[in-house]
Amino acid sequence: MLRGRGVMARASPALRGACHPEPTDLQNNNILDSRIQHNCRKHAGGFYEKDEDTFEDSAERSLLNKLIRKSVVESSYNVEVQHNDPSSPLFSVKTFEELRLKPELIQGIYAMGFNRPSKIQGTALPLLLADPPQNLIAQSQSGTGKTAAFVLAMLSRVEAQEKYPQCICLSPTFELALQTGQVIEQMGRFCDGINVIYAIRGNRPSRGSRIEAQIIVGTPGTVMDWCFKLKLFNLEKIRVFVLDEADVMIGLQGHSDHSVRVKRAMPLDCQMLLFSATFEESVWCFGEKIVPNPNIIKLRKEELTLDNIQQFYDACEEKEDKYQALCNIYGAITIAQAIIFCQTRKTANWLSHEMARAGHCVALLSGELPVTDRAEIIQIFRDGKEKVLITTNVCARGIDVEQVSIVVNFDLPLTMEGYVDYETYLHRIGRTGRFGKKGVAINLVEKCCLYMLRDIEEHFDTKIQKLNTRDMDEIEQLCYKVSV
């Protein structure tokens with residue numbers, strides 16, 4: 001575990017003096033004029049340093065999600081389908097048996113722990129396995145089962161007795177390619193004669209050698225080299241072409257051009273499958289180049305709600321006061337599990353060090369750790385082996401732990417301009433109250449920044465109650481709220 005003492009920048013005495021007269025009652029907090037609010041935002045923008053985790057590499061974030069999603073999680077996503085043939089009936093499946101798969105594939109699916117198709121699998125698989133093959137563009141967040149869906153499609157199309165590449169899956173990075181390849185190997189473990197080869201850096205067959213593996217998983221540049229420079233296989237024999245993490249792919253230099261060049265050398269009847277976590281305009285433009293006449297599957301965004309989350313705040317003077325408030329409620333937050341959010345790695349390091357030195361047991365997660373280490377820490381937390389997780393915005397999205405009953409914002413999430421980041425706030429406190437359960441969110445806020453809580457109340461049309469962390473009776477009541 002990495003720990004270290006950090007030094008936070010402090011506001012000048014003049015600025016602190018301007019902020020301190022601020023009333024602590026949010027509802028009567030109307031005396032701040034525009035100049036003071038401007039100074040406070042300026043103070044906040046300097047006090048909360050740039051958070052490197054907020055701007056974390058998208059490929060790294062995608063890999064992290066793949067590592068921690070060992071199985072498909074339950075979600076409230078609704079699936080929307082746009083069929084390329086409006087006259088053709090749409091249908092979904094509730095069981096894998098309805099797909100009439102090869103017995104060895106059914107065996108592989110169940111061995112991986114899949115009991116029934118997820119929402120996107122139940123809708124996408126009939127399209128992916130249709131005869132004749134149909135093209136697909138699908139929006140799918142990590143954890144919805146999309147990798148297993150397109151892997152199943154590839155394994156279903158492969159002829160084991162034919163010893164040449166028949167399917168290609170492109171990923172934006174070699175780490176993501178390795179993760180996909182592992183899913184293929186696991187799902188196809190009972191399929192005799194089907195092999196996978198990795199077209200990634202460091203794996204360079206000699207020119208003129210012959211590839212017998214039926215499935216190639218790799219990055220666009222390396223696959224293009226294998227095709228056009230080394231001439232290791234014939235693209236005209238490819239039956240299924242998958243582009244995974246398309247939104248990440250197009251953000252990396254040259255990847256989209258390489259992908260398009262590889263696709264153009266394939267036969268017209270090759271099945272094209274594109275998956276992306278987002279459907280931004282750039283993804284659509286890329287999809288139009290790659291996937292002709294596609295079916296389209298969209299997942300409506302998960303609607304996070306504050307209805308089942310009770311929100312509190314405590315007004316503190318400085319960072320040390322927030323630390324003491326956190327120590328006072330430590331007993332409450334260890335009743336189940338808790339996530340403590342900091343704005344920067346430096347603050348998270350400092351806080352974990354101070355709490356550990358005081359004898360409190362906490363785990364630290366930040367973007368400076370390697371992705372595999374982060375995934376391991378998250379898994380330990382999800383398994384309940386750690387009760388309190390200190391983190392930055394790297395954990396604000398996508399981590400569902402049913403036992404998390406409380407979230408503490410040691411720092412409010414801010415934009416680089418010093419304004420409240422409402423979306424991140426929603427996703428942070430949305431880590432509690434999952435799966436319809438009640439949750440508690442506590443905001444530890446400097447007195448000069450209390451107006452930001454009023455902004456949050458107005459933005460979400462919600463109520464944030466005052467909590468006195470120095471009152472043990474209130475702490476006991478909070479313990480009760482967390483435990484019921």
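## Strands E10 and E13

In this predicted model, Phe341 stands opposite Asn409 of strand E13. Strand E10 covers residues 337-341 and strand E13 covers residues 404-409; the two pair in the parallel sense, over five bridges.

## The open sheet

E10 and E13 belong to an open sheet of seven strands, ordered E11-E12-E10-E13-E14-E9-E15, with parallel pairing. The edges are taken by strand E11 (363-365) and strand E15 (464-466); each has a single partner strand, so one side of each is left without a neighbour in the sheet. On average, neighbouring strands are turned by 25° against each other, direction ignored.

## Helices on the sheet

Helix H12 (residues 319-328) packs on this sheet and touches strand E9 (309-316), E10, E13 and strand E14 (439-446). The direction of H12 makes about 155° with that of E14.

Helix H16 (residues 422-429) lies across E9, E10, E13, E14 and E15. Relative to E13, H16 runs at about 145°.

## A largely enclosed helix

Helix H5 spans residues 119-128, and nine of its ten residues are buried, so the helix is largely enclosed by the rest of the structure. The buried residues of H5 are Ile120, Gln121, Gly122, Thr123, Ala124, Leu125, Pro126, Leu127 and Leu128.

## Aromatic pairs

Six aromatic pairs are found in a search of the whole structure. One of them joins Phe150 and Phe275 in a tilted arrangement, with 5.2 Å centre to centre and 45° between the planes. Phe150 lies in helix H6 (residues 146-157) and Phe275 in strand E7 (residues 271-276), so this pair ties together parts that are 125 residues apart in sequence. Both Phe150 and Phe275 are buried.

Trp350 and Phe410 form another tilted aromatic pair, at 6.4 Å centre to centre and with 45° between the planes. This pair links distant parts of the chain, 60 residues apart: Trp350 is in helix H14 (residues 345-357), and Phe410 is in the loop between E13 and H16. Trp350 and Phe410 are both buried. Together with Tyr323, Trp350 and Phe410 make up one aromatic cluster.

Terms used:
Residues numbered from 1 in each chain as written. Predicted model: local features only at pLDDT ≥ 70, side-chain atom pairs only at ≥ 80, totals over all residues. Heavy atoms only, no water. Pairing = 2+ DSSP bridges. Helix = DSSP H or I, 4+ residues; strand = E, 2+ residues; numbered from the N terminus. Axes fitted to C-alpha atoms, helices over the stretch in contact; angles between N-to-C directions. Contact = heavy atoms within 4.5 Å. Buried < 20%, exposed > 50% of the residue type's maximum accessible area, 1.4 Å probe, protein only. Phe/Tyr/Trp six-rings, centres within 6.5 Å; stacked < 30°, edge-to-face > 60°.
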